[in-house]
Amino acid sequence: MPDDKKDILFRPWKKLKSLQERNLRLFVTKHLYPFSPYYRRLFDKNKIKPGDIKSVEDLKRIPFTSKKDLVAVSDEEAARKNLDFILQPNKELIKKYLPKSELLKILCVKILKGDKYLTACLGKEYRPVFLTATSGTTGQPISFLYTKYDLDNLMLYGKRIMEIFKVESGERAVNVFPYAPHLAFWQTAFAGFSSNLFILSTGGGKTLGTDGNIRSILKVKPKFLIGVPDYVYHILKTARDQGHKMPFLNSIALGASRVPKGFKRKIADILTSMGARGVSVLGTYGFTEARAAWAECPTGIDVSSGYHTYPDKEIFEVIDPGTGEVKREGEDGEIVYSAIDCRGSSVFRYRTGDLVRGGITYSPCPHCARTVPRISSDIVRASNVKNLKLSKIKGTLVNLNNLEHLLDDTEEIDQWQIEIVKRNNDPYEVDQLILHISLSKDVNKEKFTAKLNQKAVSISEISFNKVSFVSKSDIRSKIEIESAVKAKKIIDKRPKV
Ligand SMILES: [Zn+2]
């Protein structure tokens, strides 16, 4: 597309990197250090001058921020911590911390346009007007605030995502993310506004019910269906079982959860059986703390382009989760995020807790030719790494993602849920994994269980203590597919000591 060439995401990486470092310097000296109470303290405590941070390399000097810096023990503390991360200019801070050149600019505006105008400008740029929060599935929900400036960014990210997806004007989409103050829902709604695309946001299962969502899809005839993987799968499967055809729908965009290849294939198979051709299933990655989401570009079902990032707006690093050492291109590690062009709640060198296999790639995308850094889509979300005590002696960190991939890839399994319990419900006993599954075809249950456990041991060194076969409606209510924000695929029922 000719327009693409003007897009900054196609500029040579060298140019993009210099833009990134320019934005980094401006952000740290003009916004983060002067106006963020948390980061000004952090810089001062570690004797870092904002002017010292000139390049990505210099980030190493800044200590990491992590979820524990955001989480509070009481409501009062939560309010204080929330404020601590918000950029909050006032006259005193402006005078004290802004670079002289910036003060001169402000003075000129004041003389030419007056005090009132200046206050209005600052209000527009820095006053929070919107928020999204973490879903609280991994603990207490944390709010992130947006100013008008950040909403413009959210619009821009939406536009970029739609361009990366290759959405064309006149195409339609249905958004079945649950209606909530969550990034996924709003990022999608804003993507529609900014790319002039018709999106019906149904609010998901809780608002319209599965039948209501299916009716909406049949009425709108969208090319795109956007939502949480498990719920999208549930809608499509129900529609197929009811005998509907959806030849118009061939692009599925999934967010708010990991998307294993096996899962993509399952969705593509259902759509193909309902008359769709050339199906693509696209994953996205995003997190509340960034107030942004990133997308894969269209490829075959078994190939992932990785998530296309926005180097003018952020810096991603991959670090060794144990030592904090920064990894090189393509190496595994934990994803660390720094915002470099935002207002409102701003995090810097933020440890996401998400682990990525294959790290970041800096070469141009072989599928769409964008030159932006791409994060491998093989990501293990922080909430999926659990400390399990499998013997009486010690706890082991278990990556439940490997088991998830296995279950999603197993053809005979329709839906599943893993329950983590304590033996005899005794908090001092060992942990046990119970697997509930509904089947998509008849199997010899004994043989099937043995084979599944054998595979589980080979990929994760653990097996299920019990496999229980349940009906499709039982598993639906267990994972709360209609009502939960994210399907409850892994639940931790261990009693607290
Ligand atoms: Zn691409």
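How many bridges join strand β20 (residues 431-439) to β21, and do they run parallel or antiparallel? Select the two strands: four bridges join them, and they run parallel. Strands here are DSSP runs of E with at least two residues, helices are runs of H or I with at least four residues, and both are numbered from the N terminus. Two strands pair if DSSP finds at least two bridges between them.

Before going on, some housekeeping. Residues are numbered from 1 along each chain as its sequence is written. You're looking at a predicted model, in which local features need pLDDT of at least 70, side-chain atom pairs count only at pLDDT 80 or more, and totals for chains, interfaces and linings use all residues. Colour by pLDDT (the predictor's confidence in each residue, from 0 to 100): the chain mean is 90, and 94% of the residues reach 70 or more. Now pick residues 1-5, where the pLDDT is below 50; beyond near neighbours in sequence, this stretch has two contacts in the model. A contact puts two C-beta atoms, placed from the backbone, within 7 Å.

**Stop 1: the sheet**

Show Ile-437 and you'll find its bridge partner in β21, Phe-469. Next, select strand β19 (residues 413-422), which pairs with β22 in the parallel sense over three bridges. Ile-420 stands opposite Asp-492 of β22.

**Stop 2**

Right-handed means that, with the strands pointing away from the viewer, the path from the first strand over the helix to the second runs clockwise.

Then bring in helix α13 (residues 400-409): its axis and that of α14 (residues 445-460) come within 9 Å and cross at roughly 145 degrees. Axes are lines fitted to C-alpha atoms, for helices over the stretch in contact, and angles run from 0 to 180 degrees between N-to-C directions. Show Asn-402, Leu-403 and Leu-406 in α13, which meet Lys-455, Ala-456, Ile-459 and Ser-460 in α14. The residues of this contact divide into four nonpolar, two polar and one charged.

**Stop 3**

Jump to strand β4 (residues 172-175) and strand β5 (residues 198-201), parallel and joined by four bridges. Val-174 stands opposite Leu-200 in β5. Follow the chain from β4 through helix α9 (residues 183-194) to β5: this β-α-β crossover is right-handed.

Notes: Ala, Val, Leu, Ile, Met, Phe, Trp, Tyr, Cys and Pro count as nonpolar, Asp, Glu, Lys and Arg as charged, and the others, Gly among them, as polar.
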